[in-house]
Amino acid sequence: MSDAKDYVEIHADGACKGNPGPGGWGAWLAFNGVEKELFGGEPLTTNNRMEMTAVIRALESLKRPCKVKVITDSVYVQKGMTEWLKGWKARNWRTSSKEPVKNEDLWRQLDSLAQQHEVQWFWVKGHAGHAGNERADDLANKGVAQVLNQN
C-alpha cells in the first residue's frame, strides 16, 4: 500500500433531526498536512441522504483525479459503494426484491464522482472516539444548525 501522504483522506458524516427532518452533512478532508472543512444542510431530508451528500460534496471539491480514502460511519454508504451498486446497476436500479433503489439520484452522482478517482471505502463505528469521524459529525451538526437558524 502507498504511503498515507499519497491519499486524500475524506471523513464524512450526516445528521438529521427527525428522519425525515432538517439535516446536515459534513466532511473533513486531509492531504499532506492541508485540511479542508465542508458542511451544509437541507430543511427536509433523511440521514442516509445527508451521509451520501457529505461524500458527494467532498469528492466534488477535489480539483483533479486523486487516490482517496473515504472514511464513514454509514454502512449504507460503505456497503452501497462496495457491495450493492454493481447489482443495482445490473438490475436497472432495482433492488434484489425488484423495488426501486432509494436515493437513486444520489447513488448515480456518487458513482460518477467515485469513478473519477481511485477510491477506497472504510467504515468506522460512529460516536466511538474516532477523531476524523467526530470532526465530520461536528461539521454535520453545524449544517443542521445552519438550516435551523434560517427558519
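In what order do the strands of the open sheet lie? In this predicted model, the sheet has 5 strands arranged as β3-β2-β1-β4-β5, and their pairing is mixed. At the edges stand β3 (34–45) and β5, each with a single partner strand, so one side of each has no neighbour in the sheet. From one strand to the next, the twist averages 20 degrees.

The chain holds 4 helices and 5 strands, which follow one another along the sequence in the pattern β-β-β-α-β-α-α-β-α. Its radius of gyration is 15 Å, close to the 15 Å given by the globule rule for 151 residues, so the chain is as compact as a globular protein of that length. The C-alpha trace spans about 45 × 45 × 30 Å along its principal axes, and 46% of the 151 residues count as buried. Of the contacts between residues at least 6 apart in sequence, 67% join residues at least 24 apart.

The helices can now be set against the strands. Helix α4, formed by residues 131–150, lies across β1, β2 and β3 and runs at about 140 degrees to β2. The largest nonpolar core contains 32 residues, and those touching the most other members are I10, V68, W107, L110 and W121. Two or more residues come from each of β1 (7–16), β2 (21–31), α1 (47–60), β4 (67–72), α2 (75–90), α3 (104–114) and β5 (118–123). Helix α1 gives the most, with 7 residues.

Strands β4 and β5 run parallel and are joined by 6 bridges; W121 in β5 is the bridge partner of V70. Beyond its neighbours within four places in sequence, W121 is in contact with V55, V70, V77, Q78, M81, T82, L110 and A114.

Strand β4 also includes T72. Is this residue buried or exposed? With a relative accessible area of 1%, T72 is buried, because that value falls under the 20% cut-off. Its side chain reaches the backbone nitrogen of S74 at 2.9 Å. Leaving out residues up to four places away in sequence, T72 touches A12, E51, V77, Q78, F122, W123 and V124. Two of these, V77 and Q78, are contacts of W121 as well.

Key: Residues numbered from 1 in each chain as written. Predicted model: local features only at pLDDT ≥ 70, side-chain atom pairs only at ≥ 80, totals over all residues. Heavy atoms only, no water. Core = buried A, V, L, I, M, F, W, Y, C linked by side-chain atoms within 4.5 Å. Buried < 20%, exposed > 50% of the residue type's maximum accessible area, 1.4 Å probe, protein only. Contact = heavy atoms within 4.5 Å. Polar contact = N/O pair within 3.5 Å; in protein donor to acceptor, adjacent residues only side chain to side chain. Pairing = 2+ DSSP bridges. Axes fitted to C-alpha atoms, helices over the stretch in contact; angles between N-to-C directions. Rg over C-alpha atoms; globule rule 2.2 N^0.38 Å.
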